[in-house]
Amino acid sequence: MSTTTATGSQGPALSEESALTRFLRATELDTRTLGMVAALLVIWAGFDIYGGLVRPGEGLFGGSFLTARNIWVLLVQTSSIAVMATGMVLIIVMRQIDLSVGSMLSLVAVSTAYLQVYKLAPALGVGHPAIWITAVVFALALGALVGCLNGVLIAYLQIPSFIVTLGGLIAYGGLAFWVARGETVAPMDQTFALFGGNGPLAWVGPTWSWVLAALACVGILVAIITARTQRRRFKFPLRPIWAEAFLVATGGIAVLLITWVVNSYPWAPKVAEKYAIDNNIPIPEGVLDPSGDGICRAADKIVRCAEGLSFETGYTIPVLIAIVVGGLVTFLAGRTRFGRYIYATGGNPEAAELAGINTKRLTVMVFTLMGCLVAISAIISSARLNAATNNLGLFNELYVISAAVIGGTSLAGGIGTIYGAMLGALVMQSLQSGMTLLNFDTAVRDMVVGFVLVFAVFLDQLYRRRVK
């Protein structure tokens, strides 16, 4: 009897809802995330259409933006900012801020490069396997140390995070200049350079890319089933079966589509040629250069220079690093006590302290984690350029904060998602890459980025008022 009454009382209200509202309620999709995905698609289509008008290419709409090559490069370029954005979400959720990540990246990058070029290589010999291992460990340790220093100053000396990290932005940048002596430190160790996606060995190829895509699809299915089991266990409302199936299908299609795109970008002809020659791969008759030196130089025949060799790039190491970091930080934020304490502190710091949470230690831990993530980004950035300078992280703090805010992280604290920040990083990099591809003036690019950041904060304020 009570069930009938409850259903009847809800019936008229539900019947007045639109089909879209019922769909969003059933699938529990975040409207801000959907809006960001829609904005990303509009940006991509807009750049490709505009590019087709001013500079025709092979993109979906006649431009050069929506091509496999550009999307592949875009994902690589986004990796560094996306990694740092995952940590910035946790910091902003705690009602803190870190303005020093750009200078910290420069400091870690030039220090690690200096260690490789001037210390390890002369002592151990160029190409020694201990060089890249030592460099990675050193970068992570230095990043953690600097991040921990920020956290101690903020938590135990009660200095506002804005002031501490603003001072860090200036001080760490100056320290990076002092370490590098204003010079470019290069080149990196060959194995270390793979972290930036440089060279065929940094590309997993189509076979492993499809394997990883299949594993990701299985992971999505397992995650949905596990979440449904947990909901049933704790007697939480369950999503309809069709909604669960829709989420699995949508996630799987997205993964397979991205994998197909990255697998559609072939090796550059010169890279394929050099790889075939360096590895003594036989060259078929009729494709040799007329000079008889055994080098295939015809651009349209490069892909036939090496029999049995896969010339598609597939996923790159920096993109895989960003995906793994995003998954780990998501798990940390949503499935551990540490993550729950972060959101509880950001929601109400006073209540969190009264509940027994050591907010000071938590602050130090979060800033230390941020330092480690900055170190990972420094490894990716310096490896991708095969060099490091004191300006390597210039303005990165603005892009990282923008990515987090655009991704739905509230500057008031307590609200934010890791995947939203990574999508925000992709939006920011898409704007940068699209305007660079179309030769927009630097002033125009800066104005657009500034406008997007302000507009994102404005939308966040509207959303919070609506929720209240």
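Helices (H or I, at least four residues) and strands (E, at least two) are DSSP runs, numbered from the N terminus. The views show a predicted model, in which local features need pLDDT of at least 70, side-chain atom pairs count only at pLDDT 80 or more, and totals for chains, interfaces and linings use all residues. Residues are numbered from 1 along each chain as its sequence is written, and side-chain values use heavy atoms, with hydrogens and water left out.

**View A. Aspartate 189 in the loop between helix H7 (161–180) and helix H8 (205–233).** Leaving aside residues up to four places away in sequence, aspartate 189 touches Gln116, Gly127, His128, Ile131 and Trp132 (contact means heavy atoms within 4.5 Å). Between aspartate 189 and glutamine 116 the C-alpha to C-alpha distance is 7.0 Å, at a sequence separation of 73 residues. The aspartate 189 side chain also reaches the backbone nitrogen of threonine 191 at 3.1 Å.

**View B. Threonine 21 in helix H2 (residues 19–27).** Threonine 21 is partly exposed, its relative accessible area being 35%. Its side chain is joined to that of serine 18 by a polar contact of 2.9 Å (a pair of N or O atoms within 3.5 Å; within protein, one must be able to donate a hydrogen and the other to accept it, and residues adjacent in sequence count only if both atoms are side-chain atoms).

**View C. Packing of helix H4 (residues 68–93) against helix H15 (residues 396–406).** The H4 and H15 axes lie 8 Å apart at an angle of about 65° (axes are lines fitted to C-alpha atoms, for helices over the stretch in contact, and angles run from 0 to 180 degrees between N-to-C directions). H4 and H15 are therefore roughly perpendicular (65 to 115 degrees). Residues at the contact include Ile81, Met84 and Met88 of H4 and Tyr399, Val400 and Ile401 of H15. By class, the contact of H4 with H15 comprises 11 nonpolar, 1 polar and no charged residues (Ala, Val, Leu, Ile, Met, Phe, Trp, Tyr, Cys and Pro count as nonpolar, Asp, Glu, Lys and Arg as charged, and the others, Gly among them, as polar).

**View D. Packing of helix H6 (residues 129–155) against helix H14 (residues 359–385).** The angle between H6 and H14 is about 145°, and their axes are 7 Å apart. Among the residues that meet are Gly143, Ala144 and Gly147 in H6 and Phe367, Gly371 and Cys372 in H14. The contact of H6 with H14 divides into 14 nonpolar, 7 polar and 1 charged residues.

Definitions and conventions. Buried means under 20% relative accessible area, exposed over 50%, partly exposed in between (1.4 Å probe, protein chains only). Angles under 35 degrees count as roughly parallel, over 145 as roughly antiparallel, 65 to 115 as roughly perpendicular and the rest as oblique.
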